[in-house]
Amino acid sequence: MRLAERKAAVTGGAQGIGEAIARRIAREGADVAILDINPDAAAKTAGAIARETGRKATAVRVDVADEDSVEKAMAEAKAALGGLDLLVNNAGVLKSHFIADFPKKDWDFVLNVNLTGAFLCVKHAARHMIEGKRGSMVVIDSRSGKRGGLWNHAYCASKFGVIGLVQCVALDLAPRGIRINAICPGNALDTPLWKDLAVQYAKKYDETPEQVLERYRKRVPLGRGCDVGDIAGLMVFLASDESSYMTGQAINLTGGEIMSP
Ligand SMILES: NC(=O)c1ccc[n+]([C@@H]2O[C@H](COP(=O)([O-])OP(=O)(O)OC[C@H]3O[C@@H](n4cnc5c(N)ncnc54)[C@H](O)[C@@H]3O)[C@@H](O)[C@H]2O)c1
């Protein structure tokens, strides 16, 4: 019970990495609000978490790219849980194209959700944490926040940007005792995001999606994709008081891939 009695908002928590994190932090004693653009999936995930863990779990619809929606969702989450002292900023999207063909609408979509969305969620969660005089925030960034990648301009630009945001917010909120850190996972090849990405990449590399996944697996010195459990484990450490002297950091979780050529 490393997060006993914590009140957490998890954006993009309906599926994938966010869902795994929400389940894990509830097992560690936190009450959770699943904030997602897909309310049906969020309600299903929240229901399962409440049944499995006995913790409070609620679903709140949000579009992280829309400030009114974020402001309302954070207030709803706080009201449902009786407080808000942990933000897991996880909602994210990816579009991948060759630079000369990159549609501006896809650039805007990725930047609005990943970078502006992080700004808005951190801003509105901070207001509640400042009021409650405690809190920590963990942002799910990416290996793509540290290294460029083929056809990955918008996603990398958004994830590099989020690391800058995290460093600045850490300085703003340190005097109030509120911490913020980021996790930079490598490729979590078993997630829905990667199933879709493998299809997009199969076209660009003229391979099958399975060949794409295998090639990405082989690039990792530890020989496997990132597991959602790896991310949830680090997440618990960064959310808890075990990391009370850490703020403004962006931790690589890539099986050594960050050093690969
Ligand atoms: N899957 C990976 O390999 C990987 C690796 C590194 C980092 N990440 C990052 O982890 C995070 C989660 O990725 P995932 O693989 O679980 O993705 P996913 O597509 O499985 O889940 C993303 C969730 O975010 C929600 N969402 C999307 N747009 C939203 C919006 N505007 N407002 C609110 N919710 C929205 C979706 O409904 C979905 O539930 C993302 O930030 C992603 O960039 C993923």
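**Figure 1. The largest cavity of the predicted model has a volume of about 40 Å³.** One cavity of 30 Å³ or more is counted in the protein. Its lining consists of Asn89, Asn90, Ala91, Asn114, Val139, Ile140, Lys159 and Val162. Two elements, β5 and α5 (153-173), each give two or more residues to this lining. Sorted by class, the residues around the largest cavity are four nonpolar, three polar and one charged. Lys159 is among the lining residues, and Lys counts as charged.

**Figure 2. The second largest pocket has a volume of about 270 Å³.** Its lining is made up of 18 residues. Gly135, Ser136, Gly177, Arg179 and Asp241 are the lining residues that lie nearest the centre of the second largest pocket. Strands β5 (135-140) and β6 (178-185) are the elements that give two or more residues to the lining. The class division for the second largest pocket is seven nonpolar, six polar and five charged residues. Strand β5 is also named for the largest cavity, where β5 again gives two or more residues to the lining.

**Figure 3. The protein is divided into domain 1 and domain 2.** Domain 1 takes in 7-186 + 227-245, and domain 2 takes in 188-225. The centres of domain 1 and domain 2, taken over C-alpha atoms, are separated by 24 Å. In the contact, domain 1 takes part with 14 residues and domain 2 with twelve residues.

**Figure 4. Domain 1 and domain 2 bury about 990 Å² between them.** Of this buried area, 56% is on carbon and sulfur atoms. How many salt bridges does the rule find across the interface of domain 1 and domain 2? The count for this interface is one salt bridge.

**Figure 5. Arg224 and Asp230 form a salt bridge.** The closest N and O atoms of Arg224 and Asp230 are 2.9 Å apart. A pair counts as a salt bridge when the side-chain nitrogen is within 4 Å of the carboxyl oxygen, so the Arg224 and Asp230 pair meets the rule.

Technical notes
Residues numbered from 1 in each chain as written. Predicted model: local features only at pLDDT ≥ 70, side-chain atom pairs only at ≥ 80, totals over all residues. Heavy atoms only, no water. 1 Å grid on protein atoms, 1.4 Å probe; cavity = no way out; pocket = protein on both sides within 12 Å on 5 of 7 lines; lining within 4 Å. Points joined across faces, edges and corners; volume = space filled by probe spheres on them. Helix = DSSP H or I, 4+ residues; strand = E, 2+ residues; numbered from the N terminus. Domains from an automatic or database assignment. Contact = heavy atoms within 4.5 Å. Buried area = accessible area lost by both parts, 1.4 Å probe.
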